[in-house]
Amino acid sequence: RILSNTIYILLTGYTLIFFSEWMFWAGRPPVDGIVGEVILTLLLYSFVGILFLAAVDYFHVRSFWAVFLAGALYGFMIEGIIVPTMYADFPLNLSWTPLAWHAILTILFGWYYLPNALRQSPKAGILASLGFGVFTGLWSLGWWSETLLAPPGTMVIYYCAFSLLFFIALVLRGRFPRPDFSQPGRGIYIAIGLMVLYFVVVTLPQQPFALVILPPLLVILLLTLRKNRQTELLNPSPSRSMVLTARQALPVLLIPVMASLIYVLFYNANPPALPVLPIPAVATPVYALFYNMTLPTLPLAYLVLTPAGFILFGISIYRIWKPKPV
């Protein structure tokens with residue numbers, strides 16, 4: 001049972017880092033030692049994933065709004081404790097990236113919506129995968145204004161390798177029983193204690209401002225999730241219905257296809273040097289359309305997702321505290 005639970009948590013951890021890390025940083029040239037970085041990041045996100053899954057079970061997270069708030073808790077743990085970036089550019093960074101990226105894209109889309117869409121409707125799964133592939137490809141272009149340009153060949157390998165691992169994680173996760181955290185055991189309390197200790201010993205010396213920001217946010221969040229536990233019907237947890245066959249999960253491989261096509265197209269239309277992957281002659285009209293075109297995709301995503309994070313946070317709290325009809 002311990003081995004089975006560990007494998008399930010690691011597979012969930014990879015699902016989280018696929019959206020939170022690998023797709024966020026897509027477009028930047030990979031650094032040396034990426035294998036070691038992948039392993040360490042997987043362990044870190046798996047640890048945070050344990051607390052996220054425990055919150056899902058303990059607080060009876062079932063609805064869209066409760067899933068978002070569980071995602072907010074996940075985002076605050078990552079960006080408010082592990083890498084305390086949400087205290088810069090206050091108050092905008094309270095949303096970017098804890099709510100705007102982690103809660104919306106990683107949890108609502110990647111952990112909650114996409115697996116369920118793949119299982120329930122092939123069409124919805126295909127459209128979701130195509131849409132996220134387009135988003136990832138366009139998002140990758142935004143890094144060009146901030147860092148060295150990654151060659152198309154490198155990015156195609158990057159997209160395909162991490163997406164293939166994501167596909168494998170989705171399929172394998174359904175082969176292992178989902179650990180039950182509805183009654184937190186000693187391990188969960190130890191994990192919470194370690195997170196609190198890290199906050200006190202590591203985070204606060206770096207960001208003393210965190211002491212007046214994170215605890216009040218967590219109090220509001222946890223009280224709201226506690227209210228959800230008291231009022232939410234005990235329907236099956238969304239994560240318990242995410243068993244996927246390889247055929248059902250296959251559309252996720254459209255993510256690297258679309259991201260690669262967009263990246264190669266724009267790279268060839270705006271080459272910093274000689275193109276690495278020349279496009280076919282049949283694509284010349286499309287190539288001409290995008291010639292010398294640059295897209296400020298990072299600022300655009302920031303302007304859309306940051307207010308969306310704040311809005312969803314407020315609506316989610318309101319919807320859960322709103323009296324339920326008798």
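Reader: Where is leucine 172 found?

Author: Leucine 172 is in helix α6. Helices are DSSP runs of H or I with at least four residues, strands are runs of E with at least two, and the numbering starts at the N terminus. This is a predicted model: local features need pLDDT of at least 70, side-chain atom pairs count only at pLDDT 80 or more, and totals for chains, interfaces and linings use all residues. Residues are numbered from 1 along each chain as its sequence is written, and side-chain values use heavy atoms, with hydrogens and water left out.

Reader: Why does leucine 172 count as partly exposed?

Author: Because its relative accessible area is 37%. Buried is under 20%, exposed is over 50%, and partly exposed is in between, with a 1.4 Å probe and protein chains only.

Reader: How far is leucine 172 from leucine 244?

Author: In sequence the two are 72 residues apart, and in space 8.3 Å, C-alpha to C-alpha.

Reader: Leucine 218 next. Which helix?

Author: Leucine 218 belongs to α8, residues 210-231. It counts as partly exposed because its relative accessibility is 21%.

Reader: What is leucine 218 in contact with, neighbours within four places aside?

Author: Leu73 and Phe76. Contact means heavy atoms within 4.5 Å. Between leucine 218 and phenylalanine 76 there are 8.3 Å from C-alpha to C-alpha, and 142 residues in sequence.

Reader: Stepping back, how many helices and strands does the chain have?

Author: 12 helices and zero strands. The chain has 326 residues, and 49% of them count as buried. Of the contacts with a separation of 6 or more, 85% are between residues 24 or more positions apart.

Reader: How many salt bridges does a search of the whole structure find?

Author: One. Aspartate 57 pairs with arginine 178, and their closest N and O atoms are 3.0 Å apart. The pair links distant parts of the chain, 121 residues apart: aspartate 57 sits in α2 (residues 34-58), arginine 178 in the loop between α6 (152-173) and α7 (186-206). A salt bridge here is a side-chain nitrogen of Lys or Arg within 4 Å of a carboxyl oxygen of Asp or Glu.

Reader: Aspartate 57 and arginine 178: buried or exposed?

Author: Both aspartate 57 and arginine 178 are buried.

Reader: Now serine 129. Where does it lie?

Author: In helix α5, residues 122-141. Serine 129 has a relative accessible area of 0% and is therefore buried.

Reader: What does its side chain reach?

Author: The serine 129 side chain reaches the backbone oxygen of proline 251 at 3.3 Å. A polar contact is a pair of N or O atoms within 3.5 Å; within protein, one must be able to donate a hydrogen and the other to accept it, and residues adjacent in sequence count only if both atoms are side-chain atoms. With neighbours within four places in sequence left aside, serine 129 is in contact with residues including Leu114, Leu118, Val252 and Ile255.

Reader: At what angle do α5 and α12 cross?

Author: Roughly 120 degrees, and the axes of α5 and α12 (residues 297-321) come within 7 Å. Axes are lines fitted to C-alpha atoms, for helices over the stretch in contact, and angles run from 0 to 180 degrees between N-to-C directions. The two helices are therefore oblique to each other. Under 35 degrees is roughly parallel, over 145 roughly antiparallel, 65 to 115 roughly perpendicular, and the rest oblique.

Reader: Which residues of α5 and α12 make the contact?

Author: Leu138, Trp139 and Leu141 come from α5, and Thr297, Leu298 and Ala301 from α12.

Reader: What about the phi of histidine 60?

Author: Positive, about 55 degrees, although histidine 60 is not a glycine. Histidine 60 is in the loop between α2 and α3, and it counts as buried because its relative accessibility is 14%.

Reader: And the phi of aspartate 89, what is that?

Author: Positive as well, about 50 degrees, and aspartate 89 is not a glycine. Aspartate 89 lies in the loop between α3 and α4. At 58% relative accessibility, aspartate 89 counts as exposed.
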